[in-house]
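Subject: Structure for you to look at

Hello,

Here is the structure I said I would pass on. Please open it first, then read the notes below it.

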Amino acid sequence: MSHTSVSLRGRERAWAPALHAASLVSELDVPEEQVKQTITALGQVLADTAPHERRWLLRYRYPACLVVGLVGIGAVGYAHGNYWSAVHELAPGRVDQNLWGEAFRTNLDRFRLARFPGLPQVNVGEILIHGGVPAYCIADLLNLLLQRLARDPGTSAEHFLAWALTPGRESRLTELDKPVQRFLTHGGDYAEDLVDRCIDLLHRLHQPVFHADGLGLPPHLIARAQHLAETGQLDWAGPTYRSQPGNRTSQARPHLELEPFGRGLLV
């Protein structure tokens, strides 16, 4: 009990100030293992706490741990339309979904984080949006981006979102899971930034040697995308990639390279 409490207190002290400076929880980019440990620890602490004190604990003792933990699990554990199963798996028999969900929404206001009212799932909707795109859903988003890049190699994140969110053309996103649809629709600048980084990711995945430096995407998304590319689950069949294999190099974003044979630092 004491070791678990100390671990949570340390994370609370580290994460609370960072949440106050953020808009989306995903901006903290907390490692997957820490997220899972936090949910397990919260479950253990609540199991040793009187029922009437649990709401106070989630709102006032460990609000940052709850917010970061629930959002992080959404990013790595959501699958097949199911969010809460991943939480229950880490803290079996110790999660009251209504209590945790209510405390999560209260804590969003506490840290002045972005709110997304009007979503069909009151708790899960905001949890998943704050996590960006779940790893489980990234394949469909990347393949939709590849389809657009095949038609227009110069497609930017701004152009993609303008196309995807055109009023009356909601069917353009129907092949995406609901969490991705909602993130693209409600995520604003954060959605545009993530799409921009995903386009960069696709360019790099099609290079002879992949490098992730400077991508700015969560490691679990990069790892999932690499797996999709290696196992043939990304649709490179469009004309941009099939008939113009050198085109990605010319379209790639500028980056710095160190040339050790006399020329030094290059753009």
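This is a predicted model: local features need pLDDT of at least 70, side-chain atom pairs count only at pLDDT 80 or more; totals for chains, interfaces and linings use all residues.

Several residues of α2 are buried, among them Val35, Thr38, Ile39, Leu42 and Leu46. Threonine 38 has a relative accessible area of 0%. Buried here means under 20%, so Threonine 38 counts as buried. Leaving out residues up to four places away in sequence, Threonine 38 touches Leu8, Arg11, Trp15 and Cys65.

UniProt, in an unreviewed entry, places a "transmembrane region" at residues 62-80. In the model, that stretch is 79% helix and 0% strand, and its end C-alpha atoms are 29 Å apart.

The largest nonpolar core has 83 residues. Those that touch the most other members are Leu70, Tyr83, Trp100, Leu141, Leu142, Phe160 and Leu184. Leucine 142 is in contact with Cys198, Leu201, Leu202, Ala225, Leu228 and Leu234, again not counting residues up to four places away in sequence.

Lastly, a helix pair. Helix α9 (residues 157-164) packs against helix α11 (residues 188-205) at an angle of about 115°, and their axes are 8 Å apart. The crossing of α9 and α11 is right-handed. On the α9 side the contact is made by Ala157, Glu158, Phe160 and Leu161; on the α11 side, by Ala191, Glu192, Val195, Asp196 and Ile199.

Regards

Terms used: Residues are numbered from 1 along each chain as its sequence is written. Side-chain values use heavy atoms; hydrogens and water are left out. UniProt positions are given in the numbering used here, feature names are shortened, and annotations may be inferred rather than shown by experiment. Helices (H or I, at least four residues) and strands (E, at least two) are DSSP runs, numbered from the N terminus. A nonpolar core is a set of buried Ala, Val, Leu, Ile, Met, Phe, Trp, Tyr and Cys residues joined through side-chain atoms within 4.5 Å. Buried means under 20% relative accessible area, exposed over 50%, partly exposed in between (1.4 Å probe, protein chains only). Contact means heavy atoms within 4.5 Å. Axes are lines fitted to C-alpha atoms, for helices over the stretch in contact, and angles run from 0 to 180 degrees between N-to-C directions. A crossing is left-handed if the near helix is turned anticlockwise from the far one by less than a right angle, and right-handed if clockwise.
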